[in-house]
Amino acid sequence: MVAWLDPMDTIKYIHSKFWGGTETMGGNFIGIDLGGTSIKLGVTDETGHLLHKVEMPTCPGEGAQAGVERMAAGARQLVESAGIPWKDVKGLGLGAPGFLDLAQGKILRLTNIPWEDVPIRDQLQDLLGIPVVLDNDANVAALGEAWSGAGAGLTDMILITLGTGVGGGVIAGNRLIHGAGLAGEIGHIPVEPEGVPCGCGQRGCLETISSATGLVRLVTVAVEAGRNTSLKSSVKTGTLTTREIVNAAEKGDSVALEVIDTAVDALARVMAILTLINHPAAFVIGGGVSGAGETLFAPLRRAYHRHTLPDSARGVQILPAQLGNDAGMIGAAGLTAKGTMMG
C-alpha cells in the first residue's frame with residue numbers, strides 16, 4: 001500500500017489553489033477513456049496538450065481486476081513511451097460509461113462492460129502511487145473540449161454528443177457540474193411524452209430521435225409507411241447508416257431531409273430549455289452525427305433561434321467539437337490537472 005496524502009484532500013487542494021483562475025497544476029497528467037471495446041490512454045501537459053496516446057482492447061470478459069491491472073500497466077508504458085519521468089506525473093483521471101459513485105471513486109455498474117462494485121480509484125492509486133479521479137465519460141469529454149478544444153477560454157459551455165445515443169456534459173462558472181450526481185444526462189430529457197421507449201425506461205427521450213440510432217429509426221418508419229426514398233434498399237438490408245442519410249439529404253432526398261429536420265428540431269428544443277437554465281456561451285456538438293457538418297449545423301442554428309427567447313439566444317455559439325475521439329482522454333487528464341471533482 002502506498003502512503004500519501006488522501007486523494008480527495010489532494011484534489012480539494014488543487015481545486016482551492018488553481019480552479020477558477022487561469023492557472024493549472026504543473027506537470028503531466030494521464031487520462032483514460034474506458035469504452036466497451038477499447039481503452040484509450042493519453043498523457044497531457046498542464047495546458048491540455050496531448051503529448052502521447054495509446055489504445056488497447058478492453059477485454060471485458062477477463063474481469064475487472066485484470067482490467068484495472070492492464071490499465072495501470074498501460075499507463076506506465078504510455079508515460080515511458082512519451083519519454084516523461086514518472087515523478088512528473090501528478091495524477092490520473094478516468095472516464096467510464098455507466099453508474100458511478102464519484103465520491104468513493106467506485107464503479108457501480110457499467111454499460112456494455114460486466115463490471116460491478118469496483119473500487120477502481122483506490123485500486124489504481126495503490127498500483128500507480130498517484131492521485132486518481134473517476135467521472136462519467138460524457139463529463140470528461142465536455143471537460144476536454146472546455147480545456148483545450150472548441151470551448152477553450154469559455155467559462156460556460158455545454159457539450160452534446162450525438163452518437164449511438166446522446167450524451168452531455170455541463171461546464172458552468174468554469175466548473176464541471178455534477179449536481180447531486182447525474183447532472184448532464186441530456187439525452188434522457190423527454191421531448192415526446194408518447195414517443196417510443198428509450199433504453200433508460202422512459203418514452204420519447206431526445207436520444208430516441210436525435211442520435212444515430214434515432215435517425216435510422218425515423219427513416220425506417222418512413223419506409224415502412226410507404227414513403228419513396230433512395231434509402232429504401234439500405235433499410236431493407238439493415239445496413240443504413242447516418243452517413244448515407246446525410247448524403248441523401250445533400251442530394252435532396254425528401255425523407256432524409258425531413259428526418260434530419262425532425263432530429264434537429266428536437267435537439268434545438270432541448271437546447272432552448274438548457275439555455276434558460278444555464279445560459280452557456282456555447283453549445284459544442286460532437287459525436288459521429290456531428291460529422292454531417294453544415295447539413296446538421298445550419299438547420300440546427302435556425303431551429304435554435306426559432307425555439308429560444310431572442311435575448312437568451314443572442315451571442316450563444318453552436319460549435320462543432322474539435323477533439324474527436326481524444327476528448328475523453330484529454331478531459332480525464334483534466335480531472336486532476338484542474339481539480340474538477342469539486343464541480
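This is a predicted model: local features need pLDDT of at least 70, side-chain atom pairs count only at pLDDT 80 or more; totals for chains, interfaces and linings use all residues.
The radius of gyration is taken here over C-alpha atoms, and the rule for a globule is 2.2 Å times the number of residues to the power 0.38. For its 343 residues, the rule gives a radius of gyration near 20 Å for a compact globule, and the protein chain has 21 Å, which agrees. Taken along the principal axes, the C-alpha atoms fill a box of roughly 65 × 50 × 35 Å.

Let me turn to the chain as a whole. The protein chain holds 12 helices and 13 strands. Of the 343 residues, 53% count as buried. The accessible surface comes to about 14,600 Å², and carbon and sulfur atoms account for 53% of that surface. As for contacts between residues at least 6 apart in sequence, 63% of them join residues at least 24 apart.

In what order do its 5 strands lie? The order is β3-β2-β1-β4-β8; the sheet is open and its pairing is mixed. Strands β3, residues 50-57, and β8, residues 132-136, stand at the edges; each has a single partner strand, so one side of each is left without a neighbour in the sheet. On average, neighbouring strands of this sheet are turned by 20° against each other, direction ignored.

Which helix lies across β1, β2, β3 and β4? That is α2, residues 64-81, which runs at about 40° to β2. In the loop between β3 and α2 we find glycine 61. Is this residue buried or exposed? Exposed means over 50% relative accessible area. Glycine 61 has 77% relative accessibility and therefore counts as exposed. Glycine 61 lies 54 residues from tryptophan 115 in sequence, while their C-alpha atoms are 9.3 Å apart in space.

Finally, I would draw your attention to helix α12, residues 327-337. How many of its residues are buried? The count is 11 of 11, and the helix is accordingly described as mostly covered. Among the buried residues of α12 are Met329, Ile330 and Leu335, as well as glycines including Gly328, Gly331 and Gly334. Glycine 61, by contrast, is a glycine that counts as exposed.

Thank you for your attention.

Methods
Residues are numbered from 1 along each chain as its sequence is written. Side-chain values use heavy atoms; hydrogens and water are left out. Two strands pair if DSSP finds at least two bridges between them. Helices (H or I, at least four residues) and strands (E, at least two) are DSSP runs, numbered from the N terminus. Axes are lines fitted to C-alpha atoms, for helices over the stretch in contact, and angles run from 0 to 180 degrees between N-to-C directions. Contact means heavy atoms within 4.5 Å. Buried means under 20% relative accessible area, exposed over 50%, partly exposed in between (1.4 Å probe, protein chains only). Accessible areas come from the Shrake-Rupley method with a 1.4 Å probe; for residues, only the protein chains shown count as cover.
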